[in-house]
Amino acid sequence: MNLNNNRFSPLILSLCVVGGLFIGSFYTRHFSGNRLNVIGSSNDRLRTIFDIIADQYVDTVDIDSMVEKAIPTILSELDPHSMYLTAKDAEATKAELQGSFSGIGVEFVIRDDTLHIQNVIQGGPADKVGIVAGDMIVAVDGKSFTGKQLTNEKAFRMLRGNKGTKVQLVVKRFGSPKTYTFNVIRDDIETTTIAAAYMMDDNKTGYIRVKTFGEKTYYEFLSALARLSQQRCEQLIIDLRDNGGGVMTDAVRMANEFLPANRMIVYTQGRRSPREDYVSDGRGSYSNIPLVVLIDAGSASASEIFAGAMQDNDRAVIIGRRSFGKGLVQKQIDFSDGSLLRLTTARYYTPSGRCIQKPYSSGDTKQYAEELIERFQSGEYFTQDSIKHTGPAYHTRNGRVVYGGGGITPDIFVPEDTINMTSYFKEAVMSGLINRFTYDYTDRNRSTLKQYSTMRTLLRYLQGQNLLERFAAYGEQNGLQRRNLMLQRSAKLFQLQIYSRIIYNMLNEQALWQYSNQDDPIVREALKVLNAKASFPKPPAKKKVVRRKVAKATPHSNQKQYGQHRNHRQ
């Protein structure tokens, strides 16, 4: 997200315009024959200002555009999550939450000013006409589709459209001088919020990664659980890392599956929003399965509702790093032109009563957005002692201490691994050279890589291709000076990045996580907890009270001192 350092400039500009209007009104009233009505109450002031501008400004002004620019500035003075979405942005957001959109059915990446098709959705419109992964779209409906002006936004606008409409694509295929023309009929494309659901190597642990919460997440989750149950899943890892939230109700329904009856999941309350409790109904099918939940700083909102419900009810062990800290509830208000307002109307509270919204200053969106950077700089990602709790202490059902006021703190903290991090590796990632290398390698070797249909067979092949050395040479050719010692030190990090990207390019997202999780320290910790049968948190051990014999009081005893001692014991 791009942040304007001069975040108050729109507000200052607005005030200057208003001030200018008042000054101009004064001179107009006193030094001309035209009189202006004095602007009335604050409720009418903004509307009146826009009316005056439309009526009397020296040039023609697009008032609708001015309103759309002014609204975000006004909302930013409330909190970081109240927002206004234009009709175009609202449509894209709704499609994401609804889990479907109408388009051609491809995943793409833009590099070298050209759209490269990364994956083709099986059975989708592009797949039906013969477009394949690796193809490059060079023209759309007779117009060039390459160059510096090509952006993700433009690609979405041109390739998506109403179901049943036609789009003509001119495609260049890797290694061929020819171009191919395809007429594609757009159709509804289903998207999924479950990135992976598979059995781990021990053949008893199921793993589910939920990447966002949409309107279909609960049903996708039930389907994933059913598949794992058929494979004799005995214990479960739910991965909510980098899940920024979404639809709250689906997180509540997910939590319901793991809780016995009459357990609080979450409640919401606001100034004009009466308290509303969400309580488990006892119909969940997985209330006894051993469970671990993974979170990190990217886990927010609905993810924190689920994690908080599991933690406060002592239903699961939470592992990872402190979550984002979004505890505000937005009400959506739709406008007739398709735009919408998301206004914060309440806070949500976990079962113990804590609100986990991290602190913010009204209007200071820059500081709020950079809070995660501050965590990194303070060392929080590396040591648990660096976590700063700004809220009071609360207690779980079993009496364990938990904190509000800044996200969910995990029961087991796993630090970020920086032992093998080098400046050479950082530069390779930040420059985008690793991604470019993996895309190029995939395109050049696609016919060979197609022979390997599983993560394991593809990984074995890649491990024999000396890709680390190939990347170092590629980096040198593209301005990244070779550092042999750093290359060796960061070898595992390089391999993780290179192998995972190629596996994703050739297979799918689930294959990527199957590979990445093999050596993930947070996943390893989760397996350790599950295999030790320690996934149901126990009450804290009671402190032993040492009872001392007290001498019988005598006229010489210090009664005041004795009283203090008793108070201390209490």
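How many salt bridges does the count come to by this rule? The count comes to 25, with a salt bridge being a side-chain nitrogen of Lys or Arg within 4 Å of a carboxyl oxygen of Asp or Glu. This is a predicted model, so local features need pLDDT of at least 70 and side-chain atom pairs count only at pLDDT 80 or more, while totals for chains, interfaces and linings use all residues. Residues are numbered from 1 along each chain as its sequence is written, and side-chain values use heavy atoms, with hydrogens and water left out.

**View 1. Glu509 and Lys211 meet in a salt bridge.** N and O sit 3.0 Å apart here. The pair links distant parts of the chain, 298 residues apart: Glu509 is in helix 19 (residues 509–516), and Lys211 is in the loop between strand 11 (205–210) and helix 7 (217–230). Helices (H or I, at least four residues) and strands (E, at least two) are DSSP runs, numbered from the N terminus.

**View 2. Asp314 pairs up with Arg400 in a salt bridge.** Their closest N and O atoms are 2.7 Å apart. Asp314 lies in the loop between helix 9 (302–312) and strand 16 (317–320) and Arg400 in the loop between strand 19 (393–395) and strand 20 (401–403), so the bridge ties together parts 86 residues apart in sequence. Both Asp314 and Arg400 are buried (under 20% relative accessible area; exposed is over 50%, partly exposed in between; 1.4 Å probe, protein chains only).

**View 3. Here's the salt bridge between Arg275 and Asp277.** The N to O distance is 2.6 Å. Arg275 is partly exposed at 42% relative accessible area, and Asp277 is partly exposed at 39%.
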